[in-house]
Amino acid sequence: MRFLLMLAALVAGSLLAPASAAIAMLHAGEVIVCPADGPAPPDFGAPDCAAMPAGAIDPQGRQLWVRAVMTAPPALTGARPLGLFVSAKAASEAFLNGERLGANGAPGRTAAEEAPGRMDAVFAIPDGLMRAGDNVVDLRLSSHHGVIKFLRPVHIIAIGEYADPTDWLLRQYWPSLVTLGALLAGALYFAAASITGARRAEPALLAALSLFAAGQLIVEAYRGLNAYLYPVHELRVALIVATSFGFGASLAALTLVKFAERRRVVWFALILALMIAAVFLARGFDAKAAFAVLAAAAASAAIAVRAAMRRQPQALLYALALAAFAATIVLFPANFLDHLFFFQVAALILCFFVAEAFAFERERRERETERARALQLESALERAAAQEAPPAVRVNAAGSLTIVNAGDIAYCKGAGDYVELFLKDGRAILHNGALAELEATLPKTFLRVHRSFIVNTAFVRTLTRESSGVGALALSTGAEIPVSRRIMPKVRSALG
């Protein structure tokens, strides 16, 4: 409970942090954009200039001049140092009220003339230059060094208290960074489980899922750790989409391995196709990453719901967790990739960890039971060689009691609340009772070699082993009985 409360508090803090940062800064709204042939400011009233929102500025493949009139309240022009923040995929040169503040890289008409600037830059504003009321911000921007065209290359033009941009970017990412330890721990735990456990696929996919999420978190937070040049931003967003896609593919594969009994490859290919379509059709890299994950989460939730309706183990837990995960993407698209995604992944991994822990414990008990049965089988095969006199077995069939000589029973097959007893003469008798109950009454020459089969070892003739590790016992009656993988070594040793 304490962990969940802490997680909720961190999520709330991560959602409120960007809003607080926005209130403390004066953002550019409507701007005038003019094409630029040289370093001198143009006539912003010329016919080839256009008014537009600041978020629509696009200097990619060209050089522009941008003018923004920003009305400052008196509280913003106090004694504290101020800075002009420009976050854009561009080189920039900044002016405030006609005075040059400096350059971030060197804008130019061509790639040869331009020196790339940092993705996130701040220009110090000299004391007294910023005044209460209207202030004119002029920017020269260019963006020639890049391969990927961004839908929104200019993120921020704002004035606020002077600070390193990476500091306030990192403050937005730090709540998510607390999940990095959980993601890496989950990756290590499940990777170890995939090596040492009997089941390999599920822990391996859980490890991949954790690693992709941890990788995405590191790539996301890198912007707050290093003031990189704007061409690096293309690689960063491409990696975000790639890790999101890898996460979604791992999630879909995990769900299919756990709950799909047939056509797993076909279903996985269809989900991948849906994810690829989401990546290509979505506008903007954040949307591409989010919709790739959404497609995988929604498809995985549908598979888990179907499995839950069929009452498969763990299916209900997976269905609820995946449905909540997909719903979060839809309800909080603005904050999902930056914050909620990593908390949701940490919560998913916690749910999967609990489910796997129960599964591992169940497997441990089954291994112990089968180990005991293997020892019992070895002993029984030795006794069968001595041809001990078989006792009688009481069989409840169709409301009547039948006494059957145990030596006449070749094998027993469980069928729900009933057991089929197959005799050496080819007859089959239906016993009203569970296989486990019957096992307790049979002599020691009878061994349970499979979840659904008990064999009279006196009838065993040959043992074959398949490449998958399972085997089969051929009986003198002509029947073939499956042997589980874990008990095979003991059976082979006993049969010599």
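Rings of Phe, Tyr and Trp (its six-membered ring) are taken to pair if their centres lie within 6.5 Å, and a pair counts as stacked with planes under 30 degrees apart, as edge-to-face over 60 degrees, and as tilted for the rest. In this predicted model, local features need pLDDT of at least 70 and side-chain atom pairs count only at pLDDT 80 or more, while totals for chains, interfaces and linings use all residues. Residues are numbered from 1 along each chain as its sequence is written, and side-chain values use heavy atoms, with hydrogens and water left out.

A search of the whole structure finds 8 aromatic pairs. One of them is formed by W65 and F95, which are tilted at 40 degrees between the planes, with 5.7 Å from centre to centre. This pair links distant parts of the chain, since W65 belongs to strand β4 (residues 63–72) and F95 to strand β6 (residues 91–96), 30 residues apart; strands here are DSSP runs (E, at least two residues) and helices likewise (H or I, at least four), numbered from the N terminus. W65 is buried at 0% relative accessibility, and F95 is buried at 12%, where buried means under 20% relative accessible area, exposed over 50%, and partly exposed in between (1.4 Å probe, protein chains only).

The rings of Y222 and Y228 have planes at 5 degrees and centres 5.7 Å apart, so this pair is stacked. Y222 is partly exposed at 33% relative accessibility, whereas Y228 is buried at 4%. Ring pairs also link Y411, F422 and F453 into a cluster.
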